[in-house]
Amino acid sequence: MRVVVVEDQDDLREEIVFFLNRLGMDTEGASTSIELDRIIANRKPDLILLDIGLPGEDGISIAKRLKETPGLTVVMLTARSSLEDRALSLESGADNYLIKPVSLRELQAVIERASQKLRTGAVGSPKSWYLLRYECVLRSPLGKNITLTASEFKLLECMIAHRGQPAN
């Protein structure tokens, strides 16, 4: 699983990145939305841990912007504990909301749950095709599995990521 930790507090960001890397996740840190956008442009993450109070563009605005990205899970990780901030974050596209200080065990559980959804999760409704990311399999609405080559998988993943956009 590829994770980006967007946190402006260097010590906390480095601690979380270190912890997730030790769990075997491909984890990178960013302190601003500009750094996050650079990371996303190079390689799309599966999950973003996102602080609300960032310099420049705040986490809620980032969540709104990334809301329609297929296959991306956004988890808010913030010191803000008001119900208003929670509701606003979830309405903006966050999938989960954790309050600092967070236990690393709780963080791990939330990420593992998101990872399970990615492995078995689908793009679209229950009657649509499913791309099983970690098995390179395309599952039809009738449940038939089609094993994909690496090239076929990359092509479908690219098409899903750019759904609704013309191909160049």
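Strand β6 and strand β7 (residues 137-139) are joined by three bridges and run antiparallel; strands here are DSSP runs of E with at least two residues, and helices are runs of H or I with at least four, numbered from the N terminus. Two strands count as paired if DSSP finds at least two bridges between them. Please note that this is a predicted model, in which local features need pLDDT of at least 70, side-chain atom pairs count only at pLDDT 80 or more, and totals for chains, interfaces and linings use all residues. Residues are numbered from 1 along each chain as its sequence is written, and side-chain values use heavy atoms, with hydrogens and water left out.

Within this pairing, Leu132 stands opposite Val137 of β7. The open sheet has three strands in the order β6-β7-β8, with antiparallel pairing. β6 (130-132) and β8 (145-147) each have a single partner strand and stand at the edges, so one side of each lacks a neighbour in the sheet.

I turn now to β4. Which strands pair with β4 in the parallel sense? Strand β3 (residues 47-50) is joined to β4 by four bridges, in parallel, and Leu50 has Met76 as its bridge partner in β4. Strand β5 (residues 96-99) also pairs with β4 in the parallel sense, over four bridges; there, Thr78 has Ile99 as its bridge partner.

Is strand β4 (residues 73-78) mostly covered or mostly exposed? Six of its six residues are buried, meaning under 20% relative accessible area with a 1.4 Å probe, protein chains only. Thr73, Val75 and Leu77 point one way from β4, while Val74, Met76 and Thr78 point the other way.

Terms used. Buried means under 20% relative accessible area, exposed over 50%, partly exposed in between (1.4 Å probe, protein chains only).
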